Amino acid sequence: MTDLHQELLRVYAGRATRRYGLSAVSQLQHALQAAALAEAAGEPPALILAALLHDVGHMIHEFGEDPAARGIDDRHEEIGADWLARHFGPAVAEPVRLHVPAKRYLCAAESDYFAKLSPDSVRSLALQGGPMSAEEVATFDRDPYAEAAKRLRRYDEGAKDPTATTPDFEHFLSYADACVRT
Ligand SMILES: [Fe+2]
Ligand SMILES: [Fe+2]
């Protein structure tokens with residue numbers, strides 16, 4: 001096993017028992033379900049890995065448990081993307097950086113999207129700046145990773161099912177080697 005695999009296992013095994021926001025699944029289950037949805041959709045390895053690791057920022061920050069409950073935006077998308085960019089190429093790190101902006105984008109661009117958000121996503125949306133302005137939407141559309149980020153966002157929202165079963169963490173880590181930064 002590579003050092004990077006061990007590092008990722010340590011981060012997830014050590015902290016992923018925390019509940020995912022207000023939902024009934026743990027951070028680890030949330031990560032596995034997001035990756036399983038990306039894999040089932042036929043996504044390339046980089047986006048499956050991005051789905052697995054999209055919330056790594058929640059696990060490596062020092063804001064304590066559930067900072068959103070205390071009105072704190074932990075900026076986990078930036079913390080996580082910067083961490084991932086040290087190990088992987090932009091096709092992993094950049095959709096992760098954009099997964100929160102993608103929620104703000106979809107709330108502005110799709111009239112029915114807000115109604116589909118889970119309670120914790122609604123709660124964090126206000127802290128994250130609310131729906132995008134028209135100008136922000138246009139800027140987001142020009143980002144080369146905008147489409148990947150929107151797809152990641154849908155896997156993220158779908159990954160809160162307390163009854164889902166998935167492959168284990170190591171199964172999805174097998175995608176990591178193909179995505180290591182060159
Ligand atoms: Fe997130
Ligand atoms: Fe998430």
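## Exercise 1. The iron site

Task: find which residues coordinate the iron ion (ligand 1), and at what distances.

Solution. Step 1: list the donors, which are N, O and S atoms within 2.8 Å of the metal (3.2 Å for Na, K and Ca); water is not among the atoms, so sites may look incomplete. In this predicted model, Asp55 (OD), His76 (NE2) and His99 (NE2) coordinate the iron ion (ligand 1), at 2.1 to 2.2 Å.

Step 1: read the spacing. The donors of this ion follow D-x20-H-x22-H along the chain.

Step 2: look for a bridge. Asp55 bridges the iron ion (ligand 1) and the iron ion (ligand 2), which lie 3.6 Å apart.

Step 3: place the residues. Asp55 sits in the loop between helix H3 (45-53) and helix H4 (56-60). His99 is in helix H7 (residues 99-109). Helices (H or I, at least four residues) and strands (E, at least two) are DSSP runs, numbered from the N terminus.

Step 4: check burial. Buried means under 20% relative accessible area, exposed over 50%, partly exposed in between (1.4 Å probe, protein chains only). Asp55 counts as buried because its relative accessibility is 3%. His99 is buried too, with a relative accessible area of 1%.

Conventions: residues are numbered from 1 along each chain as its sequence is written, and chains are lettered from A and ligands numbered from 1 in the order in which they are written. Local features need pLDDT of at least 70, side-chain atom pairs count only at pLDDT 80 or more, totals for chains, interfaces and linings use all residues, and side-chain values use heavy atoms, with hydrogens and water left out.

## Exercise 2. An aromatic pair

Task: describe how Tyr105 and Phe140 pair.

Solution. Step 1: apply the criterion. Rings of Phe, Tyr and Trp (its six-membered ring) pair if their centres lie within 6.5 Å; planes under 30 degrees apart count as stacked, over 60 as edge-to-face and the rest as tilted. A search of the whole structure finds two aromatic pairs.

Step 1: classify. Tyr105 and Phe140 form a tilted pair, 4.7 Å centre to centre with 35° between the planes.

Step 2: locate. Tyr105 lies in helix H7 and Phe140 in helix H9 (residues 134-141), so the pair ties together parts that are 35 residues apart in sequence. Both Tyr105 and Phe140 are buried.

## Exercise 3. Helix H7

Task: work out how many residues of H7 are buried, and what they pack against.

Solution. Step 1: count. Nine of the eleven residues of H7 are buried, so the helix is mostly covered. Among them are His99, Lys103, Arg104 and Cys107.

Step 1: find the partners. The buried residues of H7 pack against H5, H6, helix H8 (119-127), H9 and H10.

Step 2: inspect Ala108, which is in helix H7. Ala108 is partly exposed, with a relative accessible area of 36%. Contact means heavy atoms within 4.5 Å. Ala108 touches Pro131, Met132 and Val137, not counting residues up to four places away in sequence.

## Exercise 4. The nonpolar cores

Task: identify which residues touch the most other members of the largest nonpolar core.

Solution. Step 1: define the set. A nonpolar core is a set of buried Ala, Val, Leu, Ile, Met, Phe, Trp, Tyr and Cys residues joined through side-chain atoms within 4.5 Å.

Step 1: The largest core has 38 residues; Leu52, Leu53, Leu84, Phe88 and Phe169 touch the most other members.

Step 2: assign elements. Those that give two or more residues include helix H1 (3-15), helix H2 (27-40), helix H5 (76-85) and helix H10 (146-158). H3 gives the largest share, eight residues.

Step 3: look elsewhere. Another core, of 13 residues, lies apart from the largest one; Cys107, Tyr113, Val137 and Ala146 are among its members.

## Exercise 5. The whole chain

Task: state how many helices and strands the protein chain has.

Solution. Step 1: count. The protein chain has eleven helices and zero strands.

Step 1: test the size. The radius of gyration is taken over C-alpha atoms; the globule rule is 2.2 Å times the number of residues to the power 0.38. For 182 residues a compact globule would have a value near 16 Å, and the protein chain, at 15 Å, agrees.

Step 2: Buried residues make up 50% of the 182 residues.
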